[in-house]
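Hi everyone, thanks for making time.

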Amino acid sequence: MRTTVGIIGAGPAGLLLARLLHRSGIDSVVLESRDRAYVERRQRAGILEQGTVDVLREAGAGARMDREGLPHDGIELRFARRRHRIDFPALTGGRSVTVYAQTEVCKDLIALQLAEGGPLLFEAEALAVEGAETENPRVRFRRDGREQTLDCDYVVGCDGFWGVARNAMPEALSRVFERTYPFGWLGILADVPPSHDELVYARHDRGFALLSMRSPTVTRAYLQVPDGTDPADWTDEEIWDELDRRLETDDPAWTLRRGPVTAKSVTPMRSYVHEPMRHGRLFLAGDAAHIVPPTGAKGLNLAVGDVVTFARALVAYREKGDASRLAAYSADCLRRVWQAERFSYAMTTMLHRAPDATPFDDRIQLARLDRITTARSAETDLAEAYTGFPLDQQ
Ligand SMILES: Cc1cc2nc3c(=O)[nH]c(=O)nc-3n(C[C@H](O)[C@H](O)[C@H](O)COP(=O)(O)OP(=O)(O)OC[C@H]3O[C@@H](n4cnc5c(N)ncnc54)[C@H](O)[C@@H]3O)c2cc1C
């Protein structure tokens, strides 16, 4: 089998890349190790930056998102029983975010790819990338119990943190930057309308809590829990009680709505960057190259930024003979990635309580939050980072 761009992985990065290339008349083949139902069910991110929304619309994949997505003009910070709203459009010159689940983005892109695009092969597991330094890199993969080869002009590893593409980066050229955190997120989905119409990020002495949503009838909520927590350790009632405690406020008008919990899982927290993101004709995109803790809602949006950068660079090369943007792919992406790493780290350390936190650490967290709620410059910095930096600044 032969194609121009071999894409490993049908997460948001791989699916969107295939779509962008198809719209530019460039053929691709997507290899995905899981089956379609698994990919469409996998619960993950839910906040789309303005730039991501714009890209999905331009790619002709925004129709259902525009109908069913929930535009959000702000978030609430909650700490020391206080409530403070961050007004995104007022602070950023009109930018906002949209709540639309990653599962739905993937469903939309899969349907488009199968209807109009190039081959999208499920249950096709990439085993290795070979010949990255040559003009004709290859992906060895297994499908229907048979090993096959996909010959390409370019390979883009969109195969997530546990994928194989990164292994083809020479060890001598690779640098890894990493931080793990001694806590994770216990996340629930519940069949109950959200208790607030925007996301609530709460810093509490008992730990962080986040009140989010998937739709007007489905609540998504998270609790900071110790690393290694088993979701089965928490009953539904204990989760609601703990959310109630951590979201406490002096405002008597606010109450937490409870309902049947339909899913429960624990997500570990990690910051990770692999440099460089390109070697020869192998490019890494999305979680294959970097991970952020979810506090900044950046993971999916970074994946989108990477594949837009690659698609634009390849089009510039093919249409104008300008190879400079392909050459600059890693540096261009990493500038954006490190801004997201900085923001995600800052949000995580400001809102979570480390197991060894001292009273001094607590006061510093409260001072950082107080600064955001009283200094417009600090508030603007948060709003700009949360809504995302425009993709066309690259
Ligand atoms: C449990 C969890 C919860 C998360 N929650 C949030 C959140 O609340 N907010 C947020 O912003 N971000 C969150 N993220 C991060 C966000 O979901 C990711 O950043 C995003 O999915 C990245 O997209 P991607 O396409 O790069 O990778 P992925 O979505 O991981 O897709 C990679 C794809 O490659 C496939 N694959 C892997 N290996 C191979 C192989 N050898 N051959 C073929 N295919 C392969 C996988 O099956 C998968 O479909 C979460 C991540 C996880 C794991």
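Okay, let's start with the shell around the ligand: by class it has 14 nonpolar, 10 polar and seven charged residues. Here Ala, Val, Leu, Ile, Met, Phe, Trp, Tyr, Cys and Pro count as nonpolar, Asp, Glu, Lys and Arg as charged, and the others, Gly among them, as polar. Keep in mind that this is a predicted model, where local features need pLDDT of at least 70, side-chain atom pairs count only at pLDDT 80 or more, and totals for chains, interfaces and linings use all residues. Residues are numbered from 1 along each chain as its sequence is written.

Which residues come nearest to the ligand? Of the 31 around it, they are Gly9, Gly11, Gly160, Gly286 and Gly299; "near" means a C-beta atom, placed from the backbone, within 6 Å. Helix 1 (12-23), strand 9 (124-130) and helix 8 (299-320) each give two or more residues to that shell. Helices (H or I, at least four residues) and strands (E, at least two) are DSSP runs, numbered from the N terminus.

Now, the two helices. The axes of helix 1 and helix 8 come within 9 Å and cross at roughly 30°; axes are lines fitted to C-alpha atoms, for helices over the stretch in contact, with angles from 0 to 180 degrees between N-to-C directions. By class, their contact has 13 nonpolar, no polar and one charged residues.
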